[in-house]
Amino acid sequence: MRAEPLLEVNDLSVRFETDEGPLLAVDQVSFTLAEREVLGIVGESGCGKSVTCMSLVRLLPETAAVSGSVVFGGVDLLALGPRRLRRVRGNEISYIFQEPMSSLNPVFTVGNQIGEVVRRHLGVSRRDAHRRAVELLQLVRIPAPERRVDEYPHQLSGGMRQRVMIAMALACDPKVLIADEPTTALDVTIQAGILDLMREVRERLGTAIVLVTHNLGVVADVADRVIVMYAGRKVEEAAANELFAAPQHPYTVGLLGAIPRPGERRERLEEIPGRVPTASAPLARCVFADRCRYADETTRTQVPTLRTVRQDHLVACFHPEAERAA
Amino acid sequence: MSIVASEAEVAAVGLRRRRLRLLRKRFLRRPMAVAGLVVALGFVVVAIFAPLLAPYSAGHTDFNAILAHSSSKHLLGTDDLGHDVLSRLIWGTRASMQVGVFSTLLAMVVAVPIGMLAGFYRGWVDLVIARLTDVLLAFPFLILAVGLAAILGPSLLNATLALGIGAIPGFIRIARGETLALREEDYVPAAVLNGANDATIIFRHILPNMTNTLIVQTTLTIPGAILGEAILSFLGLGVQPPQSSWGTMLQGAEPYLTQAQRLSVYPGVAIILAVLAFNVFGDGLRDVLDPRTTR
């Protein structure tokens with residue numbers, strides 16, 4: 001029996017009012033996050049994965065219309081007042097951005113900035129906050145933390161800065177850490193280090209992590225469970241091993257086919273033809289229909305609902321792999 | 001633990017000192033800026049120590065020496081009323097610096113919060129403030145100041161107020177523009193997601209990042225105010241005799257342009273030097289503080 005989820009997202013939809021009319025960025029996405037779990041959200045640019053994460057902590061601009069609910073600790077974050085929301089942000093739910101180079105304020109030392117978060121949420125003295133900052137830098141494996149703590153952001157490399165961002169995110173022992181493409185802006189070798197660190201954070205602190213990425217390798221590396229998003233919808237969800245072993249949605253199959261593998265010489269990588277559709281209202285068809293090689297009349301006229309096709313494996317498709325093979 | 005902390009503190013101090021040293025080095029490489037700083041500081045020192053430096057009071061008249069040439073008693077001669085020109089120049093420096101510095105400070109203190117509010121909260125607040133600023137900016141700075149001084153009545157304080165108010169729209173625009181740009185920096189949403197409230201965002205994440213721009217705007221507004229004060233006083237809207245200012249000296253010298261040009265030359269040179277010095281210093285400072293300059 002599964003334990004009570006830490007974070008529960010129900011029917012989350014996000015619509016933006018743009019100059020070209022409304023744009024549906026997220027279409028009725030639901031998922032849960034268990035304690036100590038690493039949940040990967042994958043999808044290509046513009047599929048709504050970042051918008052989903054931002055709406056969890058209400059970072060979207062006012063032009064965004066968000067509906068649904070995000071239940072955390074028994075309360076709906078989407079209905080929380082500003083004061084209580086600030087107590088959650090950075091304290092119980094932390095967020096790491098894609099851009100470590102510019103996410104730190106250039107005029108304060110990193111210790112000062114980490115300390116700011118500690119002091120705000122835990123109300124400790126300046127001295128204790130400084131001590132905690134050193135501890136945190138040590139935790140994220142920055143060498144010579146006593147020295148680094150008093151350095152300015154421009155003195156640190158990109159990887160170090162991302163470590164500082166992680167340290168800041170962990171400052172108050174959050175229950176949930178949302179990492180929006182934390183490694184995208186970094187070198188491959190640095191990426192591996194950051195991923196190791198995230199894994200370690202989960203092991204040692206028990207923090208549940210939502211990891212957003214377009215890199216399937218990253219997901220395979222650290223995630224327990226994976227959600228595949230396409231054009232604002234959740235199209236597939238499964239345990240990481242299961243997903244990679246038996247992908248069900250043609251889109252997921254296509255994504256996996258597009259990964260180059262060493263030792264396998266091919267002239268051209270598999271690609272998914274066509275483009276991602278954008279919609280102003282929920283489409284009354286499968287969002288992937290235009291690009292799907294199995295598309296038929298049903299796909300073009302009905303919305304596929306999420307259903308279980310294998311154990312703990314949800315997919316929104318009329319023709320999942322499992323049924324085609326059979 | 002305490003040893004570690006103190007070491008860290010030492011390192012931090014060293015770091016700040018290193019940055020200052022770098023800035024100083026870059027500043028010293030600009031001879032014009034350095035000259036500007038020296039001259040500007042000279043004026044400020046004269047203004048502060050005017051009572052010690054001036055041989056006579058501003059209103060002292062020597063009826064034995066009317067329109068006299070330089071002498072040991074009156075180093076720069078006297079004007080038509082027997083005032084010692086050197087003394088009046090020195091007291092005039094005080095008036096100019098006072099007006100220059102305080103009107104600029106006034107403008108900054110009033111305008112920066114307004115501009116930041118407009119830039120940060122956007123919406124109709126911004127719309128009203130920005131359009132109002134545009135309207136005020138449509139009036140030339142001096143016309144605005146002259147109009148205000150005429151309404152307020154002539155005095156040193158009112159000249160300061162008029163010039164300060166005249167400089168407000170420019171400051172608002174700068175503060176608003178900087179805020180608009182800085183609120184889009186990645187560290188702002190990062191701070192929001194760490195639970196920062198609006199006050200923290202504004203005072204910790206936006207204001208400190210625009211200090212360079214504000215410093216430069218300040219050093220460039222001061223000379224404008226100095227010139228403005230001279231003009232207001234020349235027009236009789238500023239400092240009133242027997243108090244001295246470079247503008248009133250010019251005004252008094254005007255009837256004697258053919259007989260005693262030196263009476264116009266001394267205050268004229270003082271105005272040019274002061275304005276130029278602050279401008280050149282401000283330019284240099286801008287170059288030094290702008291991280292994009294490579295020299």
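In chain B, helix 4 (residues 85-121) packs against helix 7 (residues 156-182) at an angle of about 35°, and the axes of the two helices are 5 Å apart. The model is predicted, and every value below was computed from it. Chain B comes to 12 helices and 0 strands, whereas chain A includes an open sheet formed by 8 strands. The two chains touch, with 26 residues of chain A in contact with 20 residues of chain B.

**Helix packing in chain B**

- The crossing of helix 4 of chain B with helix 7 of chain B is right-handed, and the residues of this contact divide into 23 nonpolar, 8 polar and 2 charged.
- Helix 4 of chain B also approaches helix 5 (residues 123-138) of chain B, where the axes come within 7 Å and cross at roughly 135°; that angle makes helix 4 of chain B oblique to helix 5 of chain B.
- The crossing of helix 4 of chain B and helix 5 of chain B is left-handed.
- In this second contact, B:I114, B:L117, B:A118, B:G119 and B:Y121 of helix 4 of chain B meet B:G123, B:V125, B:D126, B:I129 and B:A130 of helix 5 of chain B, which by class gives 7 nonpolar, 2 polar and 1 charged residues.

**Chain B as a whole**

- Read along the sequence, chain B follows the pattern α-α-α-α-α-α-α-α-α-α-α-α, and its C-alpha atoms fill a box of roughly 75 × 50 × 35 Å along the principal axes.
- Of the 295 residues in chain B, 42% are buried.
- When contacts in chain B between residues at least 6 apart in sequence are considered, 70% of them join residues at least 24 apart.

**The open sheet of chain A**

- The 8 strands of this sheet in chain A are arranged in the order 6-7-8-3-9-10-12-11, and their pairing is mixed.
- Strand 6 (93-96) and strand 11 (307-310) of chain A stand at the edges with a single partner strand each, so one side of each is left without a neighbour in the sheet.
- Neighbouring strands of this sheet are turned by 20° against each other on average, direction ignored.
- Strand 3 (residues 38-42) of chain A pairs in the parallel sense with strand 8 (residues 208-213) of chain A over 5 bridges, and the bridge partner of A:V38 in strand 8 of chain A is A:I209.
- Strand 3 of chain A also pairs in the parallel sense with strand 9 of chain A, over 4 bridges, and here A:I41 has A:I227 as its bridge partner.

- Strand 9 of chain A pairs in the antiparallel sense with strand 10 (residues 233-239) of chain A over 6 bridges, and the bridge partner of A:V226 in strand 10 of chain A is A:A238.
- Strand 9 and strand 10 of chain A form a hairpin with 2 residues between them, and A:A231 in the turn has a positive phi of about 50°.

**Helices 3 and 6 of chain A**

- Helix 3 (residues 110-122) of chain A packs against helix 6 (residues 158-169) of chain A at an angle of about 25°, with the axes 9 Å apart; the two helices are therefore roughly parallel to each other.
- The crossing of helix 3 of chain A and helix 6 of chain A is right-handed.
- A:V110, A:Q113, A:I114 and A:V117 of helix 3 of chain A meet A:V164, A:A167 and A:M168 of helix 6 of chain A, a contact that has 6 nonpolar, 1 polar and no charged residues.
- Helix 6 of chain A lies across strand 6 and strand 7 (176-180) of chain A, and runs at about 170° to strand 6 of chain A.

**The side of chain A that touches chain B**

- With 26 residues of chain A in contact with 20 residues of chain B, the elements that give two or more residues to the chain A side are helix 2 (82-88), helix 3 and helix 5 (145-148) of chain A.
- Helix 3 of chain A gives the most to this side, with 3 residues.
- By class, the side of chain A that touches chain B has 10 nonpolar, 8 polar and 8 charged residues.

Methods
Residues numbered from 1 in each chain as written. Chains lettered and ligands numbered in written order. Predicted model: local features only at pLDDT ≥ 70, side-chain atom pairs only at ≥ 80, totals over all residues. Axes fitted to C-alpha atoms, helices over the stretch in contact; angles between N-to-C directions. Parallel < 35°, antiparallel > 145°, perpendicular 65-115°, else oblique. Left-handed = near helix turned anticlockwise from the far one by under 90°. Contact = placed C-beta atoms within 7 Å. Nonpolar A, V, L, I, M, F, W, Y, C, P; charged D, E, K, R; others polar. Pairing = 2+ DSSP bridges. Buried ≥ 20, exposed ≤ 12 C-beta atoms within 10 Å, placed from the backbone.
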